[in-house]
Amino acid sequence: MKAQPCATPHSPVAPHARTDDPKWHWLEQRDAPEVTAFLEAANAQSDAWFSPLDALTQALFDGQLARRELAVTSLKTPLDYFTFWNETAADADHPSWWRHPNGAPENSQCVLDVGARAAGHEFYDMGDMALSPDEDWLAWTEDTQGDERFSLWLKQLPAGEPQRLLEDIGATLCWAEDQTATSATLLFTRFDATQRPDSVWRLPLRLAAPQVTAETPVLLLQEPDSEFWLGVGKSRSRRWLMVESASKDTSEVHLVPAQAPHATPICLQPRKAGVEYNVEHRPGAFYVLHNRNGANFQLDCLEETTLPPNPPEEGGVEVAVAGIPFIAHREDVTLEGVEAFSWGLVLAERDHRSAQVYLRRIELDDKGQTVVDEQLDLPEIPCSQDLEDTPHFDTRILRLREESFTQSPRWIALDLDTQQRTELKRLPVHGNLQPEQLVSKRLWATAADGERIPVSVVMRADLADHPLPTLLYGYGAYGEPLDPWFSIARLELLERGVAFAVAHVRGGGECGEPWYLTGKMAHKDNSFGDFLAAREVLVKEGVSKAKKVVAYGASAGGLLVATCVNRAPQAFCAAVLDVPFVDVLRTMQNPDLPLTTAEYSEWGNPEAPDVAERIRAYSPLDNLTEQAYPAMLIEGSWYDTRVGYWEPAKLYARMTQLNTSDAPILLRTDMSAGHGGASGRFKAWRDAARQDAFILWALGLADVTSNA
């Protein structure tokens, strides 16, 4: 039977409703048995509703598998002594890591089987992997619950026994460059009570195989400001360890000699509210990317000799020295990133008018003067072109990754001396819908204030002249851009006649830093207006059917979509909210929750009454009304530390109570996952297939069968 609505099974909302708690705050009590009872009952309701769509869900899942290359081998990356890569078997959820001595592929050895590590765990996530300087020791962090609290493991390669060294730490690891035959130093982060990475530690190791001895960790740097998070990394030159302390709009970098990790950190530029900067190093100079003189960032060159040569043993050192401008601030381009090599720099620059990122190569002579300055060619516009992991400081061959809405990812080796581009690998696409049968276009919506909003669309080329059922996707926060990306799973929808559209709303970074700044804090309302304007232009331009548009948002994108559904429920026939941030005001009023204080510069601190009222005006849970809502699929995760499971659960409960339509309001909580969802790829694909079945049903494109 085609496109008939599934009957909504019995809802657990009425039996669990409390007259003394109409806002369902009791769902925040994780340890209360009635909370899990409610979530499990909602899951049972969801399962029953989806039952007639089981065959479609399975077909979508099977279709994904048929289109994919299930046995995957990554590109090989040669390091100083060994070449490393990973392989994923056709039936495996997780990869295994391999190596061989450089130039001797016949001596390949498996050094870590991630699938074996994940065995026996419902959830498994490897946070980071780090090779020692001699490439003989592998450290990694792993989370077996989904709450983003990691344990530290170490093994000698290739076949040493893994040892657990620490628990309850952050994901990130970094080796210093002080390794000897018997000792080395690892750096890692730890959390405060709100799970904010507030400190960086160094861990001295005694490498007496087969048993490694970890000495007592030593604090390297602690960040007392609750809005700032700490992270640690190392320059490609391997000369400096870099500890970054950053909020959403302010940053500060401390430097430690990589060969002397016990040295006192040197603060390169003391923090100044609203000023962000990061640092790259080449021998003799630091390149500082900053927005001190303008929102779109500029690049300064700072001579290495300006650093204090002998920092004191106690206390940090601050040096407020000015650099020499190297790339000036520009009004129409945001300088997004810089990567340093022995021969020069690779810049990432975003053109505001075209919402396109370009890579730019600058070669320097031994005096730091520019001898080559050129933009790398793009295969098409719009597309994504990124510099892939390129660990060698002296390499003359860059690895690039290119993809678009219609072209699957390919990896290119660009020889800087000959300009030759060699395709190393392309993601294969199997099945009867190939990339060349797709077409993408860029529309421009007009927001209420007159701003032009880019909207990207991809669809089957043979259907491009007809209005189509449409899935509209949005995010719009933290300055994160939704640059073009290819999706094999998306082909299942496109083949069935769905158009996929992306609203590049303000709050994201698609049109540069100003695009982000005009979609946050006091300007957050622009994001919602932009999303609704994108929906309107899709209909006006004949791309989308007016009554067949489904909205999709995840995390902060869930806030975007939920707010738009509150304001214009008639604009959408359905919405999918994945781990949606919907209890914005209450969450931001609780500084004891993870992320809250770090988010003040994104949403505002509601201790100020005007800020509280501003947030209240759009926070989805504070703006539910009795009205006809579209069909809703709301999903959460039990171990999510970024968006508490109770936020989607509250939205489901209260929307169910207020909904005056017959459209289903469904909640599904993954009781074994965190914010990122399922950790194994097959479960993640099956979860995506279930979402797609809901979308197709809402668009009138589902075959609904009885499972009776």
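How many bridges join strand S20 to strand S21, and in which sense do the two strands run? The views below are taken from a predicted model, in which local features need pLDDT of at least 70 and side-chain atom pairs count only at pLDDT 80 or more, whereas totals for chains, interfaces and linings use all residues. Residues are numbered from 1 along each chain as its sequence is written, and side-chain values use heavy atoms, with hydrogens and water left out.

**View 1. An open sheet of four strands, in the order S19-S20-S21-S23, with antiparallel pairing.** Strands are DSSP runs of E of at least two residues and helices are runs of H or I of at least four, both numbered from the N terminus, and two strands pair if DSSP finds at least two bridges between them. At the edges stand strand S19 (277-282) and strand S23 (324-327), each of which pairs on one side only. From one strand to the next the twist averages 30°. Strand S20 (residues 285-290) and strand S21 (residues 298-303) run antiparallel and are joined by six bridges; in this pairing Ala285 is found opposite Glu303 of S21.

**View 2. An open sheet of eight strands with mixed pairing, in the order S32-S33-S35-S34-S36-S37-S38-S39.** Strand S32 (438-446) and strand S39 (665-670) have a single partner strand each, so one side of each edge strand is left without a neighbour in the sheet. Direction ignored, neighbouring strands of this sheet are turned by 20° against each other on average. Five bridges pair strand S36 (residues 544-554) with strand S37 (residues 574-578) in the parallel sense, and Ala551 has Ala575 of S37 as its bridge partner. Helix H12 (residues 646-658) packs on the sheet, where it touches S37, strand S38 (631-637) and S39, and its direction makes about 160° with that of S39. Contact here means heavy atoms within 4.5 Å, while axes are lines fitted to C-alpha atoms, for helices over the stretch in contact, and angles run from 0 to 180 degrees between N-to-C directions.

**View 3. Helix H3 (residues 54-67) packed against helix H13 (residues 681-698), with their axes 8 Å apart.** The angle between H3 and H13 is about 130°, which makes H3 oblique to H13 (angles under 35 degrees count as roughly parallel, over 145 as roughly antiparallel, 65 to 115 as roughly perpendicular and the rest as oblique). Residues of H3 including Leu56, Leu60, Phe61 and Leu65 meet residues of H13, among them Phe682, Trp685, Ala689 and Leu696. By class, this contact of H3 with H13 has 10 nonpolar, three polar and three charged residues (Ala, Val, Leu, Ile, Met, Phe, Trp, Tyr, Cys and Pro count as nonpolar, Asp, Glu, Lys and Arg as charged, and the others, Gly among them, as polar).

**View 4. Helix H7 (residues 525-540) packed against helix H8 (residues 556-567), with their axes 9 Å apart.** The two helices pack at an angle of about 70°, and H7 is therefore roughly perpendicular to H8. Among the H7 residues in this contact are Asp525, Phe528 and Phe531, and the H8 residues that they and others in H7 meet include Leu559, Val561 and Arg567. The contact of H7 with H8 divides into seven nonpolar, two polar and two charged residues.
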